[in-house]
Amino acid sequence: IYLLDLSENSMSNLVEFPKMDSLERLFIEKSQIKYLSGNYFRNLEKLGDLDLSLSSIEMIEQFSFQSIKSKLNVTLNGIRAADWGRILQGFNGATAITGLTLDYNNIKEVPEFPSMPNLAYLSLRYNRINNISDRIKATLVSLNRIDLSGNYFTRFPSFPKYSHIILDQQESKLTIGDYAFD
């Protein structure tokens, strides 16, 4: 099996997936899953893309995404600012992910990010973000494209000069420091 689509069902719990050597794409969109265990995806060694958009995820256990090899979509999950620290734990060990989409949640600030050395694309569109810490540069060293459209920035972090930054439809006045693109 190359692709498994479990979308649009009333599934509220997952169990650890059995070993599937050829599974590269897994879709679990529009589910009622609230909790992700670190064990669910560990037997899916070739899993490249995981789509968990439009679910109800509130808690992600540490190392939940360490087996993902390429892209992860966690759009429209209602992730709240208060849950952000617990959600970030799921990204510990996710060193192979190259693209991460966290659009349309309720994230208000990004104080830190776990080490994801291969992450090249990050989308945080249409959250409620007003601040991103400069510390993400140290943990997202390959980041070259970030989409921050539709947020509420009051302070903008510095990014490397080679970054492609998208800031469409900002909802507030944005002040960019002298060294924002160093």
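Partly exposed here means a relative accessible area between the buried range, under 20%, and the exposed range, over 50%. In this predicted model, Tyr104 comes out at 38% relative accessibility, so it counts as partly exposed. Tyr104 sits in the loop that runs between β7 (99-101) and β8 (109-110). Its backbone also stands out a bit: phi of Tyr104 is near 55°, a positive value in a residue other than glycine. Most residues other than glycine have a negative phi.

With a relative accessibility of 36%, Leu54 is partly exposed. Leu54 and Tyr104 come together with Leu76 in a nonpolar surface patch, and the three share about 250 Å² of accessible area.

Turning to the aromatic rings, the structure has five aromatic pairs. One of them joins Tyr40 and Phe41 edge-to-face, with 6.3 Å from centre to centre and 80° between the planes. Both Tyr40 and Phe41 are buried. In another pair, the ring centres of Phe65 and Phe91 lie 5.2 Å apart with the planes at 40°, so this pair is tilted. The pair ties together distant parts of the chain, 26 residues apart: Phe65 belongs to the loop between β5 and β6 (71-73), and Phe91 to the loop between α1 (84-89) and β7. Phe65 is buried, at a relative accessible area of 0%, and Phe91 is buried at 0% relative accessibility. Ring pairs also link Phe17 with Tyr40 and Phe41 into a cluster.

Key
Residues are numbered from 1 along each chain as its sequence is written. This is a predicted model: local features need pLDDT of at least 70, side-chain atom pairs count only at pLDDT 80 or more; totals for chains, interfaces and linings use all residues. Side-chain values use heavy atoms; hydrogens and water are left out. Buried means under 20% relative accessible area, exposed over 50%, partly exposed in between (1.4 Å probe, protein chains only). Helices (H or I, at least four residues) and strands (E, at least two) are DSSP runs, numbered from the N terminus. Patches are made of residues with over 30% relative accessible area and no salt bridge: like charges are joined within 9 Å, nonpolar side chains (Val, Leu, Ile, Met, Phe, Trp, Tyr) within 5 Å. Accessible areas come from the Shrake-Rupley method with a 1.4 Å probe; for residues, only the protein chains shown count as cover. A salt bridge is a side-chain nitrogen of Lys or Arg within 4 Å of a carboxyl oxygen of Asp or Glu. Rings of Phe, Tyr and Trp (its six-membered ring) pair if their centres lie within 6.5 Å; planes under 30 degrees apart count as stacked, over 60 as edge-to-face and the rest as tilted.
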